[in-house]
Amino acid sequence: MVLSAARMADSAAGLVYIVHKSLYVALTNKSNSTPLPVTRGPGFKMSSPFSPLPDGFEPNSKQIFVAVDAAWKKADTGYQKAGTQAGYESIVFAGLGEPTLKLDVLLDTARTLKAWRANVPLRLNTNGLGNVHWKRDIIGDLKTSGIESVTIALNAASPAEYLEIMKPTDGGASLEEVCDFAAACVEQGLSVECTAVEAPGVNIQEVSALAKSMGCSFRSRSFHPAQEDSAKSHL
């Protein structure tokens, strides 16, 4: 896909965004489940300026690196912390879509970023269905690429509730598969956080217990119904 200089400039605006002290990177708008921002409710808005990637734009690793490097150079040095060479506390692969659908780009970008700034932590926000989608274990690839931590949207404690909320599109996708992915990430030495949205009917205590039973930490996320159009939160 060849983009004009003007279109490239427009595309770059959707590639990176800032949440608190981390730089977030969008790889795609496509998802094989309910997009994670959508699970936050119809009134959910990002806490910082965010826009999806332009329609039809699927960035490659070079385009992503250029956008990250440009954002890093503009970063407030007050965001520095021990162990981070400059700029932001971490880089997070997230966006509107599911990053593992662009696995080759994800892995190549992670390796490039680690070669660029080895001490910057890399985190993946995911629905945990990467193994199901690719029909193989991708966790070793994630780890060797330099990704150290994974945040997985568990979002339910029962299989039926999971299917209702997440609506996965890959055959065989289920809560059990997500749990297997989370447990395997822990076994392979990744730091794993599971999350669930405080949506109506979801038993957060049960989801938390499920996450902790697999050796994962847990964090709940706020839900924003339609009347809360002014609500602000973060991924």
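## Exposure and the predicted model

A residue counts as exposed when its relative accessible area is over 50%, and as buried when that value is under 20%. The structure described here is a predicted model. By this cut-off K167 is exposed, because its relative accessibility is 52%.

Most residues other than glycine have a negative phi. K167 has a positive phi, near 50°, although it is a residue other than glycine. This lysine follows helix α6 and lies in the loop between α6 and α7.

K135 also has a positive phi, near 55°, and is likewise a residue other than glycine. K135 is placed in the loop between α4 (130–134) and α5 (139–145). Is K135 buried or exposed? With a relative accessible area of 74%, K135 is exposed.

Helix α6 spans residues 159–166, and its buried residues include E161, Y162 and M166. Viewed down the axis of α6, the buried residues fall within an arc of 105°, so they line one face of the helix. An α-helix has 3.6 residues a turn, so residues three or four places apart point the same way.

Which exposed residues does α6 carry on the face turned away from its buried side? That face carries A160 and E164. On the buried side, the cover over the residues of α6 includes α7 (175–187). The loop between α6 and α7 is also where K167 lies.

## The packing of α2 and α3

Two packed helices are described by the angle between their axes and the distance between the axes. For helix α2 (residues 61–73) and helix α3 (residues 103–116), the axes come within 9 Å and cross at roughly 40°. The two helices α2 and α3 are therefore oblique to each other. The crossing in which α2 passes α3 is right-handed.

Which residues bring α2 and α3 together? From α2, the contact involves S61, I64, F65, V68, D69 and W72. In α3, the residues that these meet are V105, D108, T109, T112, L113 and W116. By kind, the residues of the contact of α2 with α3 divide into seven nonpolar, three polar and two charged. Among the residues of this contact are a tryptophan from α2, W72, and a tryptophan from α3, W116. Aspartates also take part, with D69 in α2 and D108 in α3.

Definitions and conventions. Residues numbered from 1 in each chain as written. Predicted model: local features only at pLDDT ≥ 70, side-chain atom pairs only at ≥ 80, totals over all residues. Heavy atoms only, no water. Axes fitted to C-alpha atoms, helices over the stretch in contact; angles between N-to-C directions. Helix = DSSP H or I, 4+ residues; strand = E, 2+ residues; numbered from the N terminus. Parallel < 35°, antiparallel > 145°, perpendicular 65-115°, else oblique. Left-handed = near helix turned anticlockwise from the far one by under 90°. Contact = heavy atoms within 4.5 Å. Nonpolar A, V, L, I, M, F, W, Y, C, P; charged D, E, K, R; others polar. Buried < 20%, exposed > 50% of the residue type's maximum accessible area, 1.4 Å probe, protein only. Arc of directions from axis to C-beta.
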